[in-house]
Each structure stands twice: as structure tokens, then as C-alpha cells.
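Please keep the model in view while going through the points.

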Amino acid sequence: MEQCHENEKLDVSHRHLADTCHETLKIIYVHQYFNIPSMPGGSRTYEMARRLVAHGHEVHVVTSDRSAVVGRKGWHQTQEDGIHVHWFHVPYHNNMSYRQRLSAFVRFAIAASKKARCLGGDVVLATSTPLTIAIPGIHASRGNKIPMIFEVRDLWPEMPIAVGAIRHPLLIFLARWLERYAYRHANRVIALSPGMADGVVATGYPRHQVEVIPNSCDLDTFMPSEVSAQRFRRIHPELGEAPIVLYAGALGRVNGVGYLVEVAEHLRARRPDVRFVIMGEGAEADRIRDLAAMKGLLNTSVFFYPRVAHAKICDAFSAASVVTSLFVDIPAMQNNSANKFFDGLASGTGVAINYEGWQADLLLESGAGLVLSRDTRIAARQLQRWLENEVGKLAAGRAARRLAEEQFSRDLLAARLERALVSVVEEGRIQPCIKTESRLS
């Protein structure tokens with residue numbers, strides 16, 4: 001058994017007995033790709049964790065330091081808005097090969113298993129991706145005899161198999177085994193979309209132990225703001241006052257952002273003033289940029305900018321006429337819960353997607369956006385009609401913000417997460433005690 005450092009030792013032998021009848025919990029939150037607002041990327045874990053801290057819970061995040069700082073190794077700890085964050089140095093970036101990524105996953109899983117177990121706690125919340133995050137979650141759960149909630153952000157291994165990232169039969173077998181192993185040891189599974197929940201249940205996991213808590217909207221950060229919009233345009237004078245079609249996210253194989261360049265080519269003949277802004281990084285970034293250059297669109301119709309901190313990206317959303325969320329044509333992608341979709345809603349900007357599924361239904365039913373054709377010529381005509389309908393565009397923005405406030409508020413969904421955490425702890429107690437109501441509700 002791994003020996004903990006003296007300052008990490010905790011008496012966990014009675015945490016699941018009568019002492020755990022208190023209202024507050026010590027939560028071990030395991031997420032390999034945790035981000036704070038000053039970092040680019042999704043902030044779901046940070047936002048959920050700080051709300052839990054604000055309501056009296058003690059939250060320890062076990063995560064990776066992905067920076068390329070030479071000489072840095074091992075663990076270091078910081079405090080982020082009351083969250084205890086334990087960082088293990090494992091360099092990672094979107095341009096890595098799948099083999100390099102797999103190595104990073106395994107290295108973190110081994111280190112995090114030891115750290116998470118030594119922290120003790122009342123409950124473990126392990127959030128994927130990658131699927132290997134289940135290993136430290138289960139290790140801490142079983143070692144300390146505390147329950148675990150496993151959060152499914154993507155249906156692994158279905159998606160990497162579908163895009164060809166996992167091909168070898170042995171690797172596919174091991175990935176599917178790990179998926180079932182994770183579910184088998186989870187007291188509860190949280191899925192980020194209805195389709196993901198269906199995928200979990202399809203493996204044999206009990207339906208009543210699955211809860212859907214989708215990605216959510218940061219209503220304050222992405223507040224519609226003309227000041228933010230003008231700030232973005234001042235920083236990028238090359239865009240002028242032209243309509244902006246925004247894509248802000250990963251540029252990986254699964255995202256298929258080359259689609260947007262094709263749409264831009266077809267739209268240029270009708271609306272040469274429209275600017276397509278692509279903000280992000282990933283393995284496909286150079287190929288997409290080269291495609292734009294080959295078509296004569298680079299820095300005339302299509303503009304590329306690097307990722308920026310989550311706290312700053314809101315300016316681009318405020319300036320956009322429409323925000324896009326894109327994926328390649330794979331059925332599994334219809335179940336996604338991409339951050340950019342919800343950031344678009346929160347910013348009061350209409351959202352355009354090029355896939356079917358629950359998000360498409362949501363946009364069509366609410367009027368908060370549009371579903372683009374896979375045929376890029378047709379999609380260009382759809383965008384043209386959208387951009388030229390000022391009344392419809394404003395109505396869609398209002399509908400988007402209404403959805404954000406009424407269905408996807410971070411506060412509302414954090415309350416549901418807290419109730420799930422409290423519930424699994426109470427279900428595991430040996431001595432009964434009165435169930436406490438969630439104080440986030």
C-alpha cells in the first residue's frame with residue numbers, strides 16, 4: 001500500500017460512520033485537465049468546485065500541470081478561490097500524437113491514484129476524459145471505503161474508435177473493459193447529455209443511477225455586452241465592423257473545422273464582408289490554415305487567432321453575429337456537450353451547429369440558432385439568410401440567453417451536482433441519519 005506523507009495522513013476510518021452525518025463534505029475531485037479562468041479551455045470543474053466551496057464543502061482537485069516548464073516535476077499545490085488544487089507535472093498539448101497522449105494519460109493515472117488515496121475524504125468525483133481518470137477515482141474510493149461518482153464528458157471509447165484513434169483490437173478490448181470497470185465501481189454516473197446517459201445504460205449500468213447534468217452557462221462571464229464586443233474589435237482592427245462567424249474551440253480531427261473554411265469560400269461570392277474567426281489550437285490547425293491559404297481566404301475572409309484565457313474569450317462571443325459548434329459526421333458526436341455551445345447561449349448570441357441530436361432539437365424548438373447542412377454550399381446560403389435577418393438574429397440571441405438562464409445556469413446545475421454528492425454519501429452510511437437538503441438550491 002502506498003505510504004502517504006505525514007502532512008497528508010487523515011483518519012478516514014470513521015468518515016462513513018456517524019461523523020459523516022454533518023452537512024459538509026470533503027470532496028476529492030479528480031480531473032486531468034482542470035483549468036482556472038486565467039487558462040484557456042473549459043472551466044466546468046473550476047466553476048462547480050468553487051460553488052461547492054462557497055457552500056461549506058472542502059474540495060481537493062487532483063489534476064495535471066500541462067505546462068512545458070523545463071525542470072518542473074512532481075506535485076505542487078495551490079489555492080484557487082478556496083479550492084485545494086494538487087498539480088502533477090505531465091506536459092500535454094493538442095498537437096501530441098495519440099501514443100504521446102496515451103503516455104500522458106497513464107503517467108497521470110498512476111501518480112493521481114497515490115495522491116487521491118492519501119487525501120482521504122468523504123466522496124470521490126472523477127470526471128473524464130480521458131477514461132483512465134477512472135483508475136485514480138476507483139483507487140481512492142476503494143482504498144478509503146468512500147463512494148465514487150463518475151462523470152462522463154464523452155462516450156469513450158466510442159468516439160476515439162469512430163475516428164480511428166484507437167484501431168488495434170487489443171487496445172479496443174482494453175478500452176471497452178476499462179469503460180465497464182469504471183461504471184461497475186461507480187455509485188452514481190453523471191452524463192453530460194441524454195445520449196451519453198443512454199450509452200452508459202447500454203453497457204448494463206442501472207438507469208436509476210444515471211443522472212444527466214449537462215455543461216452549463218457562466219451567466220456573469222458571458223453577459224451580452226457591447227463594451228466587450230467593441231473591445232474585441234479594437235484589438236483586431238483587421239476585422240473592421242464586419243459580421244463575425246465565430247468558432248472558438250479545439251482544432252482536432254473530430255471537430256472538422258475545415259468545413260467552416262469551405263462554407264466561407266461559398267459565402268464570399270455573396271457576402272465578401274463576412275469574417276470567419278477561428279480561435280483555437282489542435283492537431284488539425286496547420287491543415288485548416290493551409291486550406292484557407294490555398295483558397296485565398298486567409299486574412300481576408302478567414303482569420304486565425306490563438307486560444308485565450310476563458311475569462312477573456314467572452315469578448316469574441318459578444319462581437320460575433322453567430323457562434324458555431326462543429327463536428328465531423330459521426331453519429332456518436334451528436335451526443336456531445338461542447339463548452340462553446342453553452343458559452344454561445346450565455347453570451348446571447350445565436351448558435352449554429354452542423355450535426356443532429358439533442359442540441360439541434362433544442363435550437364430548433366427554442367429558436368436560439370440554426371442547424372447547418374453538411375453541404376457547405378447550402379450551409380453558406382443558410383448563413384447568408386441568417387446574417388441578413390436582423391430581426392430574427394436579435395430574437396435568436398434573446399432566446400439563447402433565455403435558455404442559458406432558465407435551463408443551463410451554472411448555479412442550477414451545481415445544485416444538482418451537490419445533491420448527487422450528498423446522496424451517495426448518505427446512501428453509503430452504516431448508521432442512518434437525516435438527509436440534509438442541498439444548500440446550493
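1. In the second largest pocket, α14 provides six residues, the largest share of the lining. Helices here are DSSP runs of H or I with at least four residues, and strands are runs of E with at least two, numbered from the N terminus.

2. The model is predicted: local features need pLDDT of at least 70 and side-chain atom pairs count only at pLDDT 80 or more, while totals for chains, interfaces and linings use all residues. Residues are numbered from 1 along each chain as its sequence is written, and side-chain values use heavy atoms, without hydrogens and water.

3. A pocket is an open set of points on a 1 Å grid over the protein atoms alone, where a 1.4 Å probe fits, with protein on both sides within 12 Å along at least five of seven lines; lining residues have an atom within 4 Å of a point. The second largest pocket holds about 500 Å³, a volume being the space filled by probe spheres set on the points, which are joined across faces, edges and corners.

4. Of the 21 residues lining this pocket, Glu226, Ser318, Ala320, Gly348 and Leu394 lie nearest its centre. At least two lining residues come from each of α7 (226-235), α10 (314-319) and α14 (390-406).

5. Asp81, in the loop between β3 (75-80) and β4 (83-89), has a positive phi near 55° although it is not glycine. Is Asp81 buried or exposed? Its relative accessibility is 53%, so Asp81 counts as exposed (over 50%; buried is under 20%, partly exposed in between, with a 1.4 Å probe and protein chains only).
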